[in-house]
Every structure is written in structure tokens, then in C-alpha cells.
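Let's walk through this fold together, one element at a time. Have the sequence and the 3D view open as you read.

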Amino acid sequence: MTGPNPVDRGRKGSKLRVLSEAQGTPLAVAVSGANTPDSLALKPLIRAIPAVRSRRGPRRRRPVKLRADKAYFSAEHLTWLRERGLVPRTARPGIESSERLGRHRWKIERSVAWLFGYRRLTVRYERKGSHFLVFLGLAAALTCYKKLAKLAT
């Protein structure tokens, strides 16, 4: 789960992928090589979303809308998302600026900052990607627990 980093003089690095709900609580996390394009990570992240269960109202298995930046805009991804009942809200390259999505993008940046609040994830010490992914999943679970505990009080 490492690859040559295009920004850091070709050193090996990894990229953190987070899919969160509207308030920033992480739903799915993944790790990939630093040189992996963002578009390749969309389908595994969507498949990794756990089922949404609620006490009131109709039961939903997946979220309704997906907000993403320009890297995820393609005809293949849009049709794949619509087949699964998701409404894609992606910026179109060359037409829309990133500022429109900026109103919602800070929530993802905040959830990534919550995950990097755990010192073990700030620098990748693990050689195996699976070990790093376990620590990332543990940090996401702790973040979800903190958010739910705050709501309960």
C-alpha cells in the first residue's frame, strides 16, 4: 500500500482515503499508494459503507447523496453511483469551481484531522499496509465512539 509520491521526490508514501457522513463521522477508510489516482478508490470506499440503520422512518441501506471533487467525475462513476441509488454531487472539470464544494469539503478535512489527532497515524511507522489500515480503522472507531458519546450526553 505504498507507491512513489509525486510530490516528495519519488519517495514511497501512502494516501489516506476517508468517506464520511454529513457531520464528518467517518463511514469508511482506506489506504492506498501515494501515486494511486483518486478515481480508483471510489468504488471500494462505497462498497465498504456499512448499512445505515435507524429506529424511526424507513430503513436505508446506503446514504442518499455523495459529494466529491473533480477527481471522481467520469461517466462510468456517475452511472455506477446512480445504479446504486446514490445521487452524485461532483464538480465538473472546467465548468464548476472547487469553491462550490468548499462549503462541504471542510467536513472531510475535519474528519481527516480527527484521525490524524492520533499520533500513531501522523507518521507511518508500520511496514505492512494492513497494520496501518488496522490502526486507521481503530482511530475511525474511536472517533465514531466519541461523536456518539457526545450526542448521548
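Strand S4 (residues 65–68), helix H2 (residues 75–83) and strand S5 form a right-handed β-α-β unit. Right-handed here means that, with the strands pointing away from the viewer, the path from the first strand over the helix to the second runs clockwise. Helices (H or I, at least four residues) and strands (E, at least two) are DSSP runs, numbered from the N terminus. This is a predicted model, in which local features need pLDDT of at least 70 and side-chain atom pairs count only at pLDDT 80 or more, while totals for chains, interfaces and linings use all residues. Residues are numbered from 1 along each chain as its sequence is written, and side-chain values use heavy atoms, leaving out hydrogens and water.

S4 and S5 pair in the parallel sense over 4 bridges; strands count as paired if DSSP finds at least two bridges between them. Lysine 65 stands opposite valine 87 of S5. In a regular strand the side chains alternate between the two faces of the sheet. Buried means under 20% relative accessible area, exposed over 50%, and partly exposed in between (1.4 Å probe, protein chains only).

The largest nonpolar core has 12 residues, including Leu19, Leu45, Leu66, Trp80 and Leu86. Such a core is a set of buried Ala, Val, Leu, Ile, Met, Phe, Trp, Tyr and Cys residues joined through side-chain atoms within 4.5 Å. H1, S4 and H2 each give two or more residues to this core, and H1 provides the largest share, 3 residues. A second, separate core of 9 residues includes Val18, Val112, Phe132 and Ala140.

Leaving aside neighbours within four places in sequence, leucine 45 is in contact (heavy atoms within 4.5 Å) with Arg17, Leu19, Ala28, Val29 and Ala30. The C-alpha atoms of leucine 45 and arginine 17 are separated by 8.1 Å, although the two are 28 residues apart along the chain.

Serine 20, in strand S2 (residues 12–20), is also buried, because its relative accessibility is 18%. Beyond four places in sequence, serine 20 touches Thr25, Pro26, Leu27, Ile108 and Ser111.
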